[in-house]
Amino acid sequence: QVQLVESGGGLVQAGGSLRLSCAASGRTFSSNAMGWFRQAPGTERDFVATISWNGGSRYYADSVKGRFTISRDNAKNTMYLRMDSLKPEDTAVYYCAARGDSFYNTQAMMRPEIYDYWGQGTQVTVSS
């Protein structure tokens with residue numbers, strides 16, 4: 001059974017930092033693109049960042065560019081999202097996602113429907 005499990009969420013003050021992890025099990029994703037999305041109450045699931053299979057290509061939403069860093073450790077089958085200079089508007093449930101094959105296209109990876117596997121999400125709350 002394939003699972004993606006997010007961790008590292010929590011409550012932080014504005015200006016603070018968090019690092020989210022996404023641990024995969026059941027299969028390896030070392031050849032697959034992965035991404036992070038977030039969803040606030042009453043809104044759609046929004047793209048945050050995506051990373052190619054070897055980390056050579058990374059792309060961010062404008063709203064997080066310069067503050068968030070996506071990375072991965074294929075030896076650990078784990079992806080990360082380092083979040084700095086957090087703002088109250090970053091408050092949301094954060095989801096990790098993975099492709100089931102080697103497809104990668106920067107623009108396409110911004111669409112949630114392009115991903116085959118999803119985690120259950122981790123809550124990030126930023127207080128002002």
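**Figure 1. Serine 52 in the loop between β5 and β6.** In this predicted model, serine 52 lies in the loop that runs between β5 (46-51) and β6 (58-60). Strands are DSSP runs of E with at least two residues, and helices are runs of H or I with at least four; both are numbered from the N terminus. Serine 52 has 5% relative accessibility and therefore counts as buried. Buried means under 20% relative accessible area, exposed means over 50%, and partly exposed lies in between (1.4 Å probe, protein chains only). Leaving aside neighbours within four places in sequence, serine 52 is in contact with Ala33, Ser57, Arg72 and Tyr104. Contact means heavy atoms within 4.5 Å.

Residues are numbered from 1 along each chain as its sequence is written, and side-chain values use heavy atoms, with hydrogens and water left out. Because the model is predicted, local features need pLDDT of at least 70 and side-chain atom pairs count only at pLDDT 80 or more, while totals for chains, interfaces and linings use all residues.

Figure 2. The largest nonpolar core. This core has 35 residues, and Trp36, Leu81, Met83 and Tyr94 have the most contacts inside it. Two or more residues come from each of β3 (18-25), β4 (34-39), β5, β7 (68-73), β8 (78-83), β9 (92-98) and β11 (122-127). The largest share, five residues, comes from β9. A nonpolar core is a set of buried Ala, Val, Leu, Ile, Met, Phe, Trp, Tyr and Cys residues joined through side-chain atoms within 4.5 Å. Strand β9 and its partners. β9 is mostly covered, with six of its seven residues buried. Two strands pair if DSSP finds at least two bridges between them. β4 and β9 pair in the antiparallel sense over six bridges, and tryptophan 36 stands opposite cysteine 96 in β9. With β11, β9 pairs in the antiparallel sense over three bridges; here tyrosine 94 stands opposite threonine 122 in β11. β9 also pairs with strand β10 (residues 117-118), in the antiparallel sense over two bridges, and alanine 98 stands opposite tyrosine 117 in β10. In a regular strand the side chains alternate between the two faces of the sheet.

**Figure 3. The disulfide between cysteine 22 and cysteine 96.** A search of the whole structure finds one disulfide, defined as a pair of cysteine sulfur atoms within 2.5 Å. The sulfur atoms of cysteine 22 and cysteine 96 are 2.1 Å apart. Cysteine 22 lies in strand β3 and cysteine 96 in strand β9, so the pair ties together parts that are 74 residues apart in sequence. The torsion about the S-S bond is about 60°, so the disulfide is right-handed. Both cysteine 22 and cysteine 96 are buried.

**Figure 4. Threonine 78 in strand β8.** Threonine 78 has its place in strand β8 and counts as buried because its relative accessibility is 10%. A polar atom of the threonine 78 side chain lies 2.8 Å from the backbone oxygen of lysine 76. Not counting residues up to four places away in sequence, threonine 78 touches Ser21, Cys22, Ala23, Arg72 and Asp73.

**Figure 5. The protein chain as a whole.** The secondary structure comes to zero helices and 11 strands. Buried residues make up 42% of the 128 residues.

Terms used
Polar contact = N/O pair within 3.5 Å; in protein donor to acceptor, adjacent residues only side chain to side chain.
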